[in-house]
Amino acid sequence: MGRLSWRLAEVAEVRNETPRVVSITLEVPGWDGHLAGQHVDVRLTAEDGYQAERAYSIASTPDGERVELTVERLEDGEVSPYLAGELRKGDQLELRGPVGGYFVWEPDRGGPLLLVAGGSGVVPLMAMLRRRAAAGSQVPARLLYSSRTLEDVIYREELDRLAGAADGLTVTHVLTRAQPPGWTGYARRIDAVMLEEVGWRPGERPLGYVCGPTRLVEVVAGHLVALGHDPARVRTERFGPTGVP
Amino acid sequence: MDEHDLRLDGNALAGMLTEVFDFEMTVERGGCAGCGAVNQLGAMLVYAHGMGAVACCPGCGQHLLRIARGEGRWWLDLRGLAWLQLDERARMAG
């Protein structure tokens, strides 16, 4: 049977990304690789048998049996406060995956790429950028990434490094709530003008991937289609009602 | 927050659908029985809850697929799909 079953993974490392976000490296026996943009379902079981499942995007590129997730702690969440707060090296987790084939990019799909992220919506897009870098791909790519403050920017140093490689990637940050002194970048929510300034022209036929809180995703996807982009080339992944950058 | 904030994509059902189907269903195509739009299931609009989910046409909002589980059974209502295409290339490996 090819159906996916739940399996046990062991936590190899927990790393703080921002005050509310951690990256968790898991060792998953028998892991057979994944595509950039896929996710896993994580299942927690309480002592009384109650189970809660959530989907988390894979952040890493394929690396043997190691899989990295990046998780934002939602204060009223059922699963994330445990993953991004209590989980320690050596703990075990039940997971199922990789799953999802729709919100996926691999270098052979080409571009140019327009990646738009709100908050932890950057995670599957980071998997795509890491995959692009690992493959030595020259596909032109632009990331427009909205965060509340500079401290909330996930993968900030790595994004700086990737953008500095001068291989066709540009990264544009948007800070919606507070900006450091001297900030010259965008300081408002993503809008149509910004997408026109940062994105590709519709005639360049970009592949769009938009990920984040549902409201941001719907606003951005709506603007892109209104600007003339082909709806079939704009893929979305809504995270639901999580924090709104 | 209103109900729109709770909306997810068909992609969010990928794991649950692998418990029922042997295919990576989010890349499979279906036709809406309401408006005729053809979409990959990953593009559906999904409202999920603990027991299951309702997935709607991104074009007209028609319910395409309802899935629920409980007491060792799965319940599927596919009447909103005029047709569903399963591509052998998307069969789960293993």
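Chain A and chain B meet in a contact made of 20 residues from chain A and 26 residues from chain B; two residues are in contact if their C-beta atoms, placed from the backbone, lie within 7 Å. On chain A, the elements that give two or more residues to the side touching chain B are strand E6 (92–99), helix H5 (214–226) and strand E11 (234–238). Helices (H or I, at least four residues) and strands (E, at least two) are DSSP runs, numbered from the N terminus. Sorted by class, this side of chain A has 7 nonpolar, 7 polar and 6 charged residues. Here Ala, Val, Leu, Ile, Met, Phe, Trp, Tyr, Cys and Pro count as nonpolar, Asp, Glu, Lys and Arg as charged, and the others, Gly among them, as polar.

This is a predicted model, in which local features need pLDDT of at least 70 and side-chain atom pairs count only at pLDDT 80 or more, while totals for chains, interfaces and linings use all residues. Residues are numbered from 1 along each chain as its sequence is written, and chains are lettered from A and ligands numbered from 1 in the order in which they are written.

Chain A is divided into domain 1 (7–99) and domain 2 (107–238), with bounds that come from an automatic or database domain assignment. The C-alpha centres of these two domains of chain A lie 24 Å apart. Between them, 13 residues of domain 1 of chain A are in contact with 14 residues of domain 2 of chain A. Strand E1 (7–18) and strand E5 (66–72) of chain A are the elements that give two or more residues to the domain 1 side. That side of domain 1 divides into 5 nonpolar, 6 polar and 2 charged residues.

The largest nonpolar core has 85 residues, and those with the most contacts inside it are A:Leu115, A:Leu125, A:Tyr209, A:Val220 and B:Ala55. A nonpolar core is a set of buried Ala, Val, Leu, Ile, Met, Phe, Trp, Tyr and Cys residues joined through C-beta atoms within 7 Å. A residue is buried if 20 or more other C-beta atoms lie within 10 Å of its own, exposed if 12 or fewer, and partly exposed in between, with C-beta atoms placed from the backbone. Helix H2 (residues 122–134) of chain A gives the largest share of this core, 7 residues. The core also draws at least three residues from each of domain 1 (7–99) and domain 2 (107–238) of chain A.

Of its 13 residues, 11 are buried, so H2(A) is largely enclosed by the rest of the structure. Among the buried residues are A:Val122, A:Leu125, A:Met128 and A:Arg132. Leaving aside its neighbours within four places in sequence, A:Leu125 is in contact with A:Leu115, A:Ala117, A:Leu143, A:Tyr209 and A:Cys211. At 1.5 Å a residue, H2(A) should span 18 Å, and its end C-alpha atoms are 18 Å apart, which agrees; the expected span is 1.5 Å times one less than the number of residues. Just after this helix, A:Gly136 takes a positive phi of about 65°.

Strand E8 (residues 141–147) of chain A has 7 of its 7 residues buried, so E8(A) is largely enclosed by the rest of the structure. Both of its faces are covered, with A:Ala141, A:Leu143, A:Tyr145 and A:Ser147 on one side and A:Arg142, A:Leu144 and A:Ser146 on the other. E7(A) and E8(A) run parallel and are joined by 6 bridges; two strands pair if DSSP finds at least two bridges between them. A:Leu115 has A:Leu143 as its bridge partner in E8(A).

Some backbone details of chain A follow. The peptide bond from A:Gly97 to A:Pro98 is cis, with omega near 5°, and A:Pro98 is found in strand E6 of chain A. Another cis peptide bond joins A:Gly111 and A:Pro112, with omega about -5°. A:Ala166 has a positive phi, near 50°, and lies in the loop between helix H3 (156–164) and strand E9 (169–175) of chain A. A:Ala166 is exposed, with 6 other C-beta atoms within 10 Å.

In chain B, an open sheet of 5 strands has the order E1-E4-E5-E6-E7, with antiparallel pairing. Strand E1 (8–9) and strand E7 (73–77) of chain B stand at the edges, each with a single partner strand, so one side of each has no neighbour in the sheet.
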